[in-house]
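Subject: Structure handover

Hello,

The structure I promised is below, and my notes come after it. Please read them with the model open.

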Amino acid sequence: MIKIHNRLCPDKEEVAAKIMDGEAIIINLSTGVYYSMDNVGAVIWEMIEGGFNLEECVAAILERYDVSCKEALADVKRLVEELVEEKLVYVSDQEAPPQNKRRLTQQQKLPYESPKLNIYRDMGDLLALDPPTPGLKEIPWKESDDEDLDE
Amino acid sequence: MNKRNDMKPSLISCIVPVFNGERYLRETLNSILEQTYRPSEIVVADDGSTDGTPKVVAEYNETVSYLWQPNAGPAAARNLGLSAAQGEFVAFLDADDLWHPEKLARQMARFHARPELDFCITHVQNFWIPELVEEKKQFRNHRRSKPLPGYVTHTLLARRTLFEKIGQFNTALRHCDDTEWFLRAMEHGAVMELLPDVLVYRRLHHSNLSRRHSSASVDEYLRFVKASLDRRRRHSATSSESCKFPKSDKSD
């Protein structure tokens, strides 16, 4: 059960993500399944990457978009549950540290659209074999060790 | 597989792109020379190595051809090999990986059984060098430790004419140039077959390209997926067709 103060963390070992043209592209490097979210979804992903907890996400959405608190909370919870189910994000037991929330200067709120996680499983075999591997650390190369091994 | 005896020898060019690969290059070349279906030529495409790579190739005398270019990335090295290849078919093997002795024979059997085939790939098994035993343990139950469908050039045997039709490898990409080529092939309607057999062994070691360029390649990978997604969305807006990838029963 996800609580309002839980810290949300992208799984940086297996997940690569970037926001391009206002769209979040997320790849599970282990399965090759990839995802997209635009508009509100991309903004929520950006907040998750910034270490926001659920409450802070909702507060930021309310600042930016023309939406009720009830609807925003329901949407954010549903989306986060989906992200957790797809193993893109995990929920930490620890409470989130205070965030430096960006204050928005806009006077008029933007129209709101429920965030949607689009899931693409069609290229799993193609993408999962040879992905970059953030879980594998750079290992210092030692020429002397190398020569020893050749003997 | 008895068809092997009835086969006429076809011309296969094996292209080995290499950059500072002296350590494993002999094993790689030997695994090509040990094929039960012998290729007609082996071309080492050296991407500006500064180690003993040319000396290793010289040990093979005229059995192995050697081409050199200033360092320009793996896609450019593969293209260099392609430009020299004379075979009706082309295969690729990176200078640290290995083939099963029957790799080419089993793939050629499929081309004889299915003349419409444009390219054939196989499953691939990763293996770790002994120094990385801890990493091997870390991935024991991971997908990367299991046989995987090999959408990589190491497994590829393709008709050379396919490259004339859909183009060579994209030299602007440093990491996912092979993935981009496979996707382009599928989008062009190329006929392919994925063999269930593990016929390629991929060595994971200290200086794999994906490891060396990890953070840069993540960015390239994401951009590539976004571009592909945009293309597909545009295509699906104008057509009901989409390219299909065969599902592997070994992947999970």
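This is a predicted model: local features need pLDDT of at least 70, side-chain atom pairs count only at pLDDT 80 or more; totals for chains, interfaces and linings use all residues.

Residues are numbered from 1 along each chain as its sequence is written, chains are lettered from A and ligands numbered from 1 in the order in which they are written, and side-chain values use heavy atoms, with hydrogens and water left out.

Chain A has five helices and eight strands (DSSP runs, H or I of at least four residues for helices and E of at least two for strands, numbered from the N terminus). From the N terminus, their order is β-β-β-β-α-α-β-α-β-β-β-α-α. Of the 151 residues in chain A, 48% are buried (under 20% relative accessible area, with exposed over 50% and partly exposed in between; 1.4 Å probe, protein chains only). Among contacts in chain A with a separation of 6 or more, 72% join residues 24 or more positions apart (contact means heavy atoms within 4.5 Å).

Helices α2 (residues 54-64) and α3 (residues 69-85) of chain A have axes that come within 9 Å and cross at roughly 130 degrees (lines fitted to C-alpha atoms over the stretch in contact, with angles from 0 to 180 degrees between N-to-C directions). α2(A) is therefore oblique to α3(A) (angles under 35 degrees are roughly parallel, over 145 roughly antiparallel, 65 to 115 roughly perpendicular, and the rest oblique). On the α2(A) side, the contact includes Val58(A) and Ile61(A); on the α3(A) side, it includes Val76(A) and Lys77(A).

In chain B, helix α3 (residues 74-84) has nine of its 11 residues buried, so it is largely enclosed by the rest of the structure. Arg78(B) and Leu82(B) are among those buried.

The largest nonpolar core has 40 residues, and Phe119(B), Leu156(B), Phe163(B) and Trp181(B) touch the most other members (a core is a set of buried Ala, Val, Leu, Ile, Met, Phe, Trp, Tyr and Cys residues joined through side-chain atoms within 4.5 Å). Helix α9 (residues 214-238) of chain B gives the most to this core, six residues.

Phe92(B) lies in strand β4 (residues 89-92) of chain B and has 0% relative accessibility, so it counts as buried. Beyond four places in sequence, Phe92(B) has contacts that include Arg78(B), Leu82(B), Leu156(B) and Phe163(B).

Regards
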